Amino acid sequence: MTDVFQLQYALDTFYFLMCGALVMWMAAGFAMLEAGLVRSKNTTEILTKNIALYAVACTMYMICGYGIMYGGGSFDYFLSGITGDGATGVEEPATYAPSADFYFQVVFVATAMSIVSGSVAERMKLWAFLAFAVVMTGFIYPMEGSWTWGGASVFGMYTLGDLGFSDFAGSGIVHMAGASAALAGVLLLGARKGKYGPNGQVNAIPGANLPMATLGTFILWLGWFGFNGGSVLATASVESANAVAVVFMNTNAAAAGGLIGALLLARLLFGKADLTMALNGALAGLVAITAEPSTPTALQATLFGAAGGVLVVFSILALDKLKLDDPVGAISVHGVVGLLGLMLVPVTNDASSFSGQLIGAATIFVWVFGVSAIVWGILKATMGIRVSEEEEFSGVDIAECGMEAYPEFVSSRG
Amino acid sequence: MKLVTAIVKPFKLDEVREALGDLGVAGVTVTEVKGFGRQKGHTELYRGAEYVVDFLPKVKLEIALADEMVESAVEAITKAAQTGKIGDGKIFITTLEEVIRIRTGETGVEAV
């Protein structure tokens, strides 16, 4: 093993791990964004959900998720053999440690699950949500992941890679998958009380803390450099270093385009600069570029992001018309724009095809939505997924966690 | 003794505080309150949905005063808090039966 290779191995592994750490930080972004967009009486519970789902995702992916997704049929549970050497110890030599790959993959699972928590916020039972998280991160996501990044065939019927399906960092595999599970949950859960009036009017339920929502969006924007940048999988060669730089540039450009698109559209539609729409727009831009950040030009990336930012505003309004209550707009940001991201890939990447992207998107959606609906349905029939009307009124913080986020008039007497 | 309760626009609080200080008023209790009067509410916008804010924020001052101070205090508050536009607020005057200073147990005008 040459010294140069040793250096490449060390650098790629280090880069992979640091990108994984950035993606891990996205969990904080989701937590802040969601805590900012719910009412203050539901703050403690949404924070509990966010940090607990992260732990559940890491544990379930360790137990069986990674084995299902990348085991190639022979399931190595509990990550057996993962501490080996990536250069010599695996079938396909890599320039990074196998356990770095696990670490990078596991934080993506948590991202997919984070998307669900915002959509079902303010009315879902904590433990029903965490029970769903176990199935989602241990089985539903790893299965569709095995058909896409894992390269396995879909129940022996067809192989997405052969059909020209390409999803660089997961517009479909991570984001649309999370949104599909969220949509199934929202359909079975129903809207928050008071969100929709009897005559079809949509009532506003303003978020409690917009500084927190904005901070969350900035954190997600930062974390996304790890999400997309790390998906190059290497940085220690001229070729991969160039690719990483392009991915960083395009990821940033798309977020900027998305924010501008959503902000201008909101101003045109409502007459005011709606901050929450602008935040959703930045995230939509990021989701739109995630499927292919390495081949567009910076201008194309900005325009793709702007398309996502415009689409997300219309999507949020349309979902409200359909009485699908999504407090943070996650289904629109990650689902609708995730699909857009997949369909934009063939515009700049000749290795993919529109038909392949469509079949891939349909496969992911049908699988995740279908199985999620079954799991949510079972949970609804057994433990129940929605808190009582009274608990919803007084806030799930007290009902589920027994504590307020901002306690007042606290006495120290026992 | 009288209890003067004044509801004023929040941005006028500092001027009212100064005017009362100049008069030598010994203490004021301030509370942030919400309510409606002739000004009624206004509409705000969130994610494309308009909503009505029925109650507007105001500041409530409560001042315990000796009888001879009341007239000048009311004049000072009125002068400081007036903008001439709707929503300037109101002053209520009620009779105060007793005042007690907790630290010393003094009562009546001594305690104001």
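**Entry 1: helices H8 and H9 of chain A**

I note first that angles under 35 degrees count as roughly parallel, over 145 as roughly antiparallel, 65 to 115 as roughly perpendicular and the rest as oblique. I am working on a predicted model. I looked up helix H8 (residues 275-290) and helix H9 (residues 298-321) of chain A, which pack at an angle of about 130 degrees with their axes 7 Å apart. H8(A) and H9(A) are therefore oblique to each other. I recorded their crossing as right-handed.

I then listed the residues that meet. H8(A) contributes Met277(A), Asn280(A), Gly281(A), Ala284(A), Gly285(A), Val287(A), Ala288(A) and Ile289(A). From H9(A) I noted, among others, Ala301(A), Phe304(A), Gly305(A), Leu311(A) and Ile316(A). Sorted by class, this contact has 12 nonpolar and 6 polar residues, and no charged ones.

**Entry 2: chain B as a whole**

I checked the confidence of chain B and found a mean pLDDT of 93, with 100% of its residues at 70 or more. I counted 2 helices and 6 strands in chain B. Read from the N terminus, these elements follow the order β-α-β-β-β-β-α-β.

I next looked up the dimensions. The C-alpha trace of chain B spans about 60 × 30 × 20 Å along its principal axes. Its radius of gyration is 17 Å, whereas a compact globule of 112 residues would have one near 13 Å.

**Entry 3: the two helices of chain B**

I examined helix H1 (residues 13-23) and helix H2 (residues 67-81) of chain B, whose axes lie 8 Å apart at an angle of about 150 degrees. H1(B) and H2(B) are therefore roughly antiparallel to each other. I recorded that H1(B) passes H2(B) in a right-handed crossing.

On the H1(B) side, the contact is made by Glu15(B), Val16(B), Ala19(B), Leu20(B) and Leu23(B). On the H2(B) side I found Ser72(B), Ala73(B), Ala76(B), Ile77(B), Lys79(B), Ala80(B) and Ala81(B). I sorted the residues of this contact into 9 nonpolar, 1 polar and 2 charged.

**Entry 4: chain B against chain A**

I looked up the predictor's scores for the complex, which are an ipTM of 0.71 and a pTM of 0.88. The contact between the chains takes 6 residues from chain B and 12 residues from chain A.

Methods. Residues numbered from 1 in each chain as written. Chains lettered and ligands numbered in written order. Predicted model: local features only at pLDDT ≥ 70, side-chain atom pairs only at ≥ 80, totals over all residues. pLDDT = per-residue confidence, 0-100. Axes fitted to C-alpha atoms, helices over the stretch in contact; angles between N-to-C directions. Helix = DSSP H or I, 4+ residues; strand = E, 2+ residues; numbered from the N terminus. Left-handed = near helix turned anticlockwise from the far one by under 90°. Contact = placed C-beta atoms within 7 Å. Nonpolar A, V, L, I, M, F, W, Y, C, P; charged D, E, K, R; others polar. Rg over C-alpha atoms; globule rule 2.2 N^0.38 Å.
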